[in-house]
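User: Could you walk me through how to read the cross-links and salt bridges in a model? I would like the general idea, then the case at hand.

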Amino acid sequence: QVQLAESGGDSVNSGGSLRLSCTASKASWMTSLGCMAWFRQAPGAGRRGVATIDLLGETTEYTNSVKGRFTISRNNAKDTLYLQMNNLGPEDTAVYYCAADPSRLEYCSSDIDAYKHWGQGTQVTVSS
């Protein structure tokens, strides 16, 4: 079973930027993972969707609070999913998780239960 691993989390000041990466444990597996997504879990809160991307990277969706600030992308040849985060604020503080839904290639779901493969998470802390 493929495993996902996130990296790139850090502590930054408000207005700063970070780029998160998510890699697959097995080479050439990214194309078999279908839809992919980033979720985040803030302290004391449930895990919520941030962004989704279809297999070919042609269609992306974002939760309203990150639209215009975050960009999800993927490089299937490098087996890597990305989340570029700009103009970060304290409300973005959370553990960020990448996830994959192999059952869908497009029309990705934002439902957490649709995603079968998960990484361990990377911490993002934004100070005001």
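**Disulfides and salt bridges**

Analyst: Happy to. A search of the whole structure finds two disulfides, a disulfide being a pair of cysteine sulfur atoms within 2.5 Å. This is a predicted model, where local features need pLDDT of at least 70 and side-chain atom pairs count only at pLDDT 80 or more, while totals for chains, interfaces and linings use all residues. Residues are numbered from 1 along each chain as its sequence is written, and side-chain values use heavy atoms, with hydrogens and water left out.

User: What do Cys22 and Cys98 form, and which parts of the chain hold them?

Analyst: A disulfide is a covalent bond between the sulfur atoms of two cysteines. Here Cys22 and Cys98 form one, with their sulfur atoms 2.1 Å apart. The pair links distant parts of the chain, 76 residues apart: Cys22 sits in strand S3 (residues 18–24) and Cys98 in strand S9 (residues 94–101). Strands are DSSP runs of E, at least two residues, numbered from the N terminus. The link is right-handed, with 60 degrees about the S-S bond.

User: Is the disulfide of Cys35 and Cys108 left-handed or right-handed?

Analyst: The torsion about its S-S bond is about -85 degrees, so the disulfide of Cys35 and Cys108 is left-handed. Cys35 lies in strand S4 (residues 35–41), and Cys108 in the loop between S9 and strand S10 (117–118), 73 residues away. With the bonded cysteines numbered in sequence order, the pairing is 1-3, 2-4.

User: How many salt bridges does the structure hold?

Analyst: Three. The criterion is a side-chain nitrogen of Lys or Arg within 4 Å of a carboxyl oxygen of Asp or Glu. One of them joins the side chains of Asp101 and Arg104 at 2.9 Å, N to O. Asp101 counts as buried at 0% relative accessibility, whereas Arg104 is partly exposed at 31%.

User: Which residues do shared partners join into one network?

Analyst: Arg40, Arg69 and Asp92. Asp92 meets Arg40 at 2.9 Å (N to O) and Arg69 at 2.8 Å (N to O). Asp92 lies in the loop between strand S8 (80–85) and S9, and Arg40 in strand S4, so this bridge ties together parts 52 residues apart in sequence. Asp92 is buried at 0% relative accessibility, and Arg69 is buried at 13%.

Definitions and conventions. Helix = DSSP H or I, 4+ residues; strand = E, 2+ residues; numbered from the N terminus. Buried < 20%, exposed > 50% of the residue type's maximum accessible area, 1.4 Å probe, protein only.
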